[in-house]
Amino acid sequence: MKNILNSRYYQMVTIMIILMAVLAIRLFVLSVVENEEWETYATQISEKSIYTSAPRGEILDRYGRVIAGNMQTFAVTFDASNLKNDEINRIAHETIKIMEANGDTYYDEFPIIITGNRYEYTYQRQINEWLSQQGIPTYYTAEQAFNFLRKKYEIDEGLSKYDAQAEMQTVYGFYPPISVKNMKYTYDLDKESFLGKFHLDYEMSAEEAFNALCEKYEVSDDYSIDEKRKILVVRNGIASLGYSKYLPATIATDVSDRTIIMLEEMSDSLPGVEAVSDTIRYYPNGNAASHIVGYLGKISERDKAHYVDELGYNSNDLVGQDGIESVFESTLKGSDGVRVVQVNAYGEFVREVSYSEPKKGDNVYLTIDLDLQQTAEDALERQLNAIQTAGTFTSEYGSYKYGTAYKNANVGAIVAVEVETGDVLAMASYPDYDPNLFATGISSADWATLQRKNLRDALSPAPLYNIACRTAVQPGSTFKPVTATAALAAGLDPSKKLYDGGYIQVGNRTYGCLIWNRSRGSHGYLDLAHALEVSCNYYFYDVATGKDHYTGKSLGYEMNIDKIMEYAQQYGLGLNTGIEITETITSVPSAEKKMERTKAALKNVLVWNAADYFKPEVCKDKTLLNDYATEIVNWAEENPSRTEIIERLPACGIMDSEVEKVADLCKFSYFNQAQWTLGDELNIAIGQGENSYTPLQMANYAATIGNGGLRNQVSVVKSIEGKGHTQKGEPVQVDISEEHLNDIIDGMKLVATGSKGSLRGVFGGFPVSVAAKTGTAEKSGVIQPADETVYIQEHLKQLNSSLTWDMVEDEMKRLMTEEADRYSNRNAAVDQAVINLSGGSVNQARINQWKSEYDNFAWVIALAPAENPKIAVACLVFQGGTGGYAAPAVREVIGKYLQLNKSYTDFALTTQLR
């Protein structure tokens, strides 16, 4: 036995028996004891889900008429699983060749373009194009470009980059392609995603990346460069699916019948390629309600992780980018069909496990009436055209001839709200756009037509921008019913007549009525109703301050601007309306808000012109510069004397030679203006000054007057399929009696039909009584031309006949080189170049003398029928000149609404949706 145990042979046998026993026990544990756990794990590894996109839910008006629907079409897909590289390349090449021969387009998201021997990333081209459009040097980093925009829009330097971005978007409607989180262009982030997808170095040139991909996918040199690129277009689409290469990649949508037939005939030689039934978004009424509905757009590279990897979208799917399409993306998207398949470790298809049909997205029913919406859009456009030419607005309710042309009245909005519910009946902005342009992916040429026409003019037409919801401007005299409400609640006798003394003197400035400013006239004695009729500023100065300024006596009640602002908020002004799509909110005026705005404006001037005021060592230290500027602007709250400011400034890094200049700037241009004054109160009481509200807010404010002071939450969504009516917040009651509201409505009726009412020419013969108010909001400044250098070239000889354009060019280059922080582009530098070369004979005012000044905004709010209001309408016209000019479109909407037959038998909806 001892010999046996010492035998190497038996030792090896014993070890093998022990090992086999261990393996047997482990196999038993895995296959029997832990069978369920490992079976689940194995299934998770090998089973993958393939999603079939569901048709989007429709967007319909309140009666079921389609605003956004779907159109049946065919898409070309390519399932490249189980195919070798050379087969994929050949099939991709031949498939695209077929589509091109039949005039079909295909998805081309491959971001390398080749012109001759030059290879270029589309990302850099997009960056350069955008920078050039903004007048920003193409060498600027994202951070430099962002700071340039902050300066352009005069955004407070003290705001965080996130708050500054929010102000650009909500106040100015500007969306720079910059990620403020890491201060990179979004196009650069897309580039990172693209190269990362193929595990390529970010520093690779476009040509190097192209060649690397050709090598990776074994694209034969027998193909031309152009053919190679087309193959890589398809390869990029497949790669966008990530590990899920068992999924078919969508190559094209909405292809022709000829392509479908050819692909079927050649199916044996084009394995994996199929023409499959598909749907594309279709907007049967074109531009109708485009700003409400929104549009679709491609999934960006940076968003593919969310949509494709997490939510199962195809990389070529379109998703909602604005409006209802965006807000209700998850509702409209529906539930995709799921085909569960097993794949091997290489991601290749093995077998189908299960399949479920796609379920169409839920329909969204809007509150708008399509007929009324189209009437509003048509009337708004015709009104703008007539104002621009002093033409005639023709209507079945009577023609209206405009007396003065305002050529820049090319932007506007109109909103109609149901008084009883707060539902939006129509909401139009002009210019608008056709969302069908986005249905299969918008072209660069079409996209260019939708951009702001003049990037240097914040009021120039921007077709994609929703003026009705997102532009807040001074309301002018349409605000006077708010002031009247506050005064009535405080104790004003509406029948008491006050004398219009023409003007009120505050310091060295006068505040008067238009009739006084124009001809030194007076409205005489007025009660509330007749003061509203003629829109007498003097009367509202009296009631806003609780003082008869003509006699100097008290009106017997206490009143201040805070009470007026309290009622403005009760009417919903300066607050979120509750509408489901994006809106702009600017808070009501306050002393604190004015102080902060004044401080911010001064800080911007000090920082942006730091080289003119601060010592060089301060300018080089951005942190120190910011600290000194902040310290100086904070003096506004105490408003020290000029002498004291002069004593303090040297300790804040101001150059000795500039101390008095900066002291005067701070004291007289900013500190003295920062405090809340009687002048501010007078301006705000008549809708000027710090007031700014959107047409949507103004329409709901008018509806609240007509609804007995009950303010509803605004909604543009009536119901969602299968979920019934959308829920609203509780209405808010304005603290005012019905009697006093009727006093206000009586005055508004006189505006529409009174002997001195400004809208008598529009509503005088209208068959339904209307209560209305006009407003003319002031807009100061000059309209900057799209290209300042062209403007200067046109007027150079008039400015200084001794100058040549070459001289100006040289000085511009010097400014942009030596003072790049201040003169970052040609538009910024050209004026200063002329001023510098002219030795004091030319200043900015002289340069601007051929530029047009902004005209006033025109506002109208209206209720009808006046005795029992059903509809409230607000209309705003940019640079419309005078308030009444916005009235014909309002009349058209009211007339259409009150003659509608609302029993649409062609559109049978369930009781739940009515």
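## A tour of contacts in a predicted model

Select Glu-818 and Arg-814 to start: both sit in helix H35 (residues 805–818), four residues apart, about one turn of the helix. Helices here are DSSP runs of H or I with at least four residues, strands are E runs of at least two, and both are numbered from the N terminus. Before you click on, note that this is a predicted model, where local features need pLDDT of at least 70 and side-chain atom pairs count only at pLDDT 80 or more, while totals for chains, interfaces and linings use all residues. Residues are numbered from 1 along each chain as its sequence is written, and side-chain values use heavy atoms, with hydrogens and water left out.

**Stop 1: salt bridges**

Stay with your selection. The side chains of Glu-818 and Arg-814 form a salt bridge, 2.9 Å from N to O. (That term means a side-chain nitrogen of Lys or Arg within 4 Å of a carboxyl oxygen of Asp or Glu.) How exposed are the two partners? Glu-818 counts as exposed, at 56% relative accessibility, and Arg-814 is partly exposed, at 28%. The cut-offs are under 20% relative accessible area for buried, over 50% for exposed, and partly exposed in between, using a 1.4 Å probe and protein chains only.

Next, pick Arg-56, Arg-281, Glu-325 and Glu-329: salt bridges with shared partners join them into one network. The structure holds 32 salt bridges.

Now try Asp-423 and Lys-728, whose side chains meet in a salt bridge at 2.7 Å, N to O. Asp-423 is in the loop between strand S17 (412–418) and strand S18 (424–430), and Lys-728 is in the loop between strand S27 (724–725) and strand S28 (732–733), so this pair ties together parts 305 residues apart in sequence. Asp-423 is buried, at 8% relative accessible area, while Lys-728 is partly exposed, at 31%.

Then select Glu-660 and Arg-642, a salt bridge with its closest N and O atoms 3.6 Å apart. Glu-660 belongs to helix H29 (residues 659–674) and Arg-642 to helix H28 (residues 642–648), so the pair ties together parts 18 residues apart in sequence.

**Stop 2: aromatic rings**

How many aromatic pairs does the structure hold? There are 25. Rings of Phe, Tyr and Trp (its six-membered ring) pair if their centres lie within 6.5 Å; planes under 30 degrees apart are stacked, over 60 edge-to-face, and the rest tilted.

Zoom in on Phe-194 and Phe-198, an edge-to-face pair at 5.3 Å centre to centre with 75° between the planes. Both Phe-194 and Phe-198 are buried.

Tyr-571 and Tyr-701 are both buried.

**Stop 3: a charge over a ring**

Select Lys-779 and Tyr-854. Lys-779 lies over the face of Tyr-854, 5.0 Å from the ring centre. To count, NZ of Lys or CZ of Arg must be within 6 Å of the ring centre and within 35 degrees of the ring normal.
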